Amino acid sequence: MFQLRPYFPPDFSEQRFQNAPDAVCVPAPFDGVAPEHYHAMSIFPEYFKVNGQWLLAEESRMDCVAVYENGRIIVREFRLLRKGDLVFTGRTEDATDGIYVHPNGFREEEKEKETFAFRQNRSRETAFSRDYDELYDLLRHERDHGKIVWVMGPAFAFDHDARAAMAKLIENGYVHAILAGNALATHDLEAAYLKTALGQDIYTQRSVPNGHYHHLDTINRVRYHGSIANFIQNENIHDGIIYSCEKCGVPYVLGGSIRDDGPLPPVYGDVYAAQNAMRDQIRSATTVISMATMLHTIATGNMTPSFRVLPDGTVRQVYFYCVDVSEFVVNKLADRGSLSARGIVTNVQDFVVNLQKGLNL
């Protein structure tokens, strides 16, 4: 039976906490501008001493600032600051300025490292069998007790079996939200509509005549119907990732980019609107699995803390997986810290099919 690690908060009876001063707040001088010496947030739990009491910033986000508002610590993006917001200042993290960063609250096991040893980093030569076993147990737990957010590139839409496996994960409750771009939805709907992805047969991978029109035809047809839901109904679509999301009521956020074709009707053309929509899903996420999309993965990683405060006040760990065939992408995210990112170097189509089989779907 899978069990979450317990959280061990700081012992605020220690002298360093008792003797620490209250944290200093300074009003924001203008909209969108923090005061000098502002404190930037990390991925870890952070506490601020206010009127002699240590308060936890509950909904944290890396590279944002902490604001004192209505007796709570609110973590806010610089762009959302308003003139007069009370922003915490101080660059120390050891309670000296009334601010304490708590990196080891879950007491993750430290592996003893030898001075000289082979294969210490994650690479294509790493055996990930144990990672899969842990992931099966985690997902079974999170299906009913957490929120699983998937961050997806378009690679899945190019393969028949990967699309089918992801659809089964959605329909069996292992997906609570998807963050992606125009391409994933476009090529997945193209596969359901015309049985191709970027003009290639999704099973044989062979290009079909005039196949380079297929994704454009799909976008155009969706726009003709006015929405993805109408397109699915009117064109008798009955398979795929987006179809399963619509069928099961799973939300998906499609963040646009400059290169997008069309795009599909629900794609966010405003990057900050997309960021807001993504963060709305990440606020309550307890497990995040990012697959084959470096830029979306980095964006999501930046807004995902290592912990989550549940409605009953319990602090729990957030699990973050990065799956990519590129070691560079995987290790870039792992640099954020072991509590927030674990890398698996593999072909993502194989990964999602293995998950489906391992979960007996």
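What follows is a tutorial dialogue on reading this predicted model.

Q: How do I read a sheet? Which order do the strands of the open one take?
A: Go for the strand order, then the pairing sense. This open sheet has 3 strands in the order β3-β2-β7, and the pairing is antiparallel. The edges are β3 (53–56) and β7 (99–101): each has a single partner strand, so one side of each is left without a neighbour in the sheet. Direction ignored, neighbouring strands here are turned by 25° against each other on average.

Q: Over how many bridges do β2 and β3 pair?
A: Strand β2, residues 46–50, pairs with β3 over 4 bridges in the antiparallel sense. If you want one to look up, take Lys49, whose bridge partner in β3 is Trp54.

Q: Now a parallel case. Which strand is joined to β9?
A: That one is β12: 4 bridges join it to β9 (residues 177–181), and the two run parallel. Ile178 has Tyr252 in β12 as its bridge partner.

Q: Are the faces of β12 covered or open?
A: For a strand, check the residues on each side in turn. In β12 (residues 252–255) both faces are covered. Tyr252 and Leu254 are buried on one side, and Val253 and Gly255 are buried on the other.

Q: Next, salt bridges. How many does a search of the whole structure find?
A: It finds 18. Glu14 and Arg16 make a simple example, with side chains meeting at 3.0 Å, N to O. Glu14 is partly exposed at 33% relative accessible area, and Arg16 is partly exposed too, at 42%.

Q: What about Glu59 and Arg283, how far apart are the closest N and O atoms?
A: They are 2.8 Å apart, in a salt bridge. This pair links distant parts of the chain, 224 residues apart: Glu59 is in the loop between β3 and β4 (65–69), and Arg283 is in the loop between α8 (271–282) and β13 (287–291). Glu59 is partly exposed, with a relative accessible area of 39%, and Arg283 counts as partly exposed at 31%.

Q: Which parts of the chain does the pair of Arg342 and Asp131 link?
A: Arg342 is in strand β17 (residues 342–345) and Asp131 is in helix α2, 211 residues apart. Their side chains meet in a salt bridge of 3.6 Å, N to O. Arg342 is partly exposed, with 30% relative accessible area, whereas Asp131 is buried at 4%. Salt bridges that share partners join Arg130, Asp131, Glu134 and Arg342 into one network.

Q: Where is Asp133, and is it buried or partly exposed?
A: Asp133 is found in helix α2, residues 129–145. Its relative accessibility is 46%, so Asp133 counts as partly exposed. To see how the chain folds back, compare sequence separation with distance: Asp133 and Leu355 are 222 residues apart along the chain, yet their C-alpha atoms are separated by 9.5 Å.

Q: And Met166, is that one buried or exposed?
A: Met166 is buried, with a relative accessible area of 0%, and lies in helix α3 (residues 160–171). Its C-alpha atom is separated by 9.4 Å from that of Gln349, 183 residues away along the chain.

Q: Last one: which residues form the nonpolar patch on the surface?
A: Met294, Leu295 and Phe328 do, with about 330 Å² of accessible area together. Phe328 lies in helix α10 (residues 327–334). With a relative accessible area of 53%, Phe328 is exposed.

Methods:
Residues are numbered from 1 along each chain as its sequence is written. This is a predicted model: local features need pLDDT of at least 70, side-chain atom pairs count only at pLDDT 80 or more; totals for chains, interfaces and linings use all residues. Side-chain values use heavy atoms; hydrogens and water are left out. Patches are made of residues with over 30% relative accessible area and no salt bridge: like charges are joined within 9 Å, nonpolar side chains (Val, Leu, Ile, Met, Phe, Trp, Tyr) within 5 Å. Accessible areas come from the Shrake-Rupley method with a 1.4 Å probe; for residues, only the protein chains shown count as cover. A salt bridge is a side-chain nitrogen of Lys or Arg within 4 Å of a carboxyl oxygen of Asp or Glu. Buried means under 20% relative accessible area, exposed over 50%, partly exposed in between (1.4 Å probe, protein chains only). Two strands pair if DSSP finds at least two bridges between them. Axes are lines fitted to C-alpha atoms, for helices over the stretch in contact, and angles run from 0 to 180 degrees between N-to-C directions.
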